Amino acid sequence: MQRRTSPHLRLAATTASVMLVLAACGDDGAAPVTQPGDSIPTPTTTDPTGDASADDGFEHPTGADEMVVEIASEGGFMPVERVFTQLPTLLVAGDGRQYVQGPQIEIYPGPLLPNVQVSDVGEAGIQQLLELAAEHGLLTDRDYDTPEFVADAPDTVVTIR
């Protein structure tokens, strides 16, 4: 009895092994993106006794009703009624929960409530998110120019506390 393998199966196995080798050769390190004169805050946390200790992570709000990171689209050309229905694209609370918009069915009229999905990223996820923000220079004070002549372009606003 002779076994035959499908050419598609061999192609899939070869592709998977090549992808695995390429992933093993990748470099996770990246140089931080900073502007001249920018200073990146040093990570610190506050322990329950109130003493700040260095190298434990970034200090951030820890309450379930306190926001750590929010990414939202604001403004643009839309009816006033629609402005109040806009939800943030991402919201991370101090207790480690992240809120994102889930998929929505395309029917008319649409559902009364939006599909908000909640998952737990924990303290490690918050620290990783704040580390990425510091790496890309988002924890420094900056003023951005806003083009006033574009009426229908919304702004993406990133708020980090």
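Two strands pair if DSSP finds at least two bridges between them, and strands (E, at least two residues) and helices (H or I, at least four residues) are DSSP runs, numbered from the N terminus. In this structure, Leu-90 stands opposite Val-100 in β5.

The model is predicted: local features need pLDDT of at least 70, side-chain atom pairs count only at pLDDT 80 or more, and totals for chains, interfaces and linings use all residues. Residues are numbered from 1 along each chain as its sequence is written, and side-chain values use heavy atoms, with hydrogens and water left out.

The pLDDT is the predictor's confidence in each residue, from 0 to 100. Its mean over the chain is 74, and 65% of the residues reach 70 or more. Residues 30-54 have a pLDDT below 50, yet beyond near neighbours in sequence this stretch has 32 contacts in the model (contact means heavy atoms within 4.5 Å).

**The sheet**

Five strands form an open sheet in the order β6-β5-β4-β3-β7, with antiparallel pairing. Its edge strands, β6 (116-120) and β7 (155-160), each pair on one side only. From one strand to the next, the twist averages 15 degrees.

Strand β3 (residues 67-74) is joined to β4 (residues 90-93) by four bridges, and Met-67 has Ala-93 of β4 as its bridge partner. Between β4 and β5 (residues 97-101) there are three bridges. The hairpin of these two strands has three residues between them, and Gly-96 takes a positive phi near 95 degrees there. Five bridges join β5 to β6, where Gln-117 is the bridge partner of Val-100.

Helix α3 (residues 122-135) lies across β3, β4, β6 and β7 and runs at about 55 degrees to β3. For such angles, axes are lines fitted to C-alpha atoms, for helices over the stretch in contact, and angles run from 0 to 180 degrees between N-to-C directions.

**The pockets**

On a 1 Å grid over the protein atoms alone, a pocket is an open set of points where a 1.4 Å probe fits, with protein on both sides within 12 Å along at least five of seven lines; lining residues have an atom within 4 Å of a point. Grid points are joined across faces, edges and corners, and a volume is the space filled by probe spheres set on the points.

| Pocket | Volume |
|---|---|
| Largest pocket | about 420 Å³ |
| Second largest pocket | about 300 Å³ |

The largest pocket is lined by 14 residues, and Arg-142, Tyr-144, Thr-156, Val-157 and Val-158 lie nearest its centre. Residues lining the second largest pocket include Ser-73, Arg-82, Gln-101 and Asn-115.
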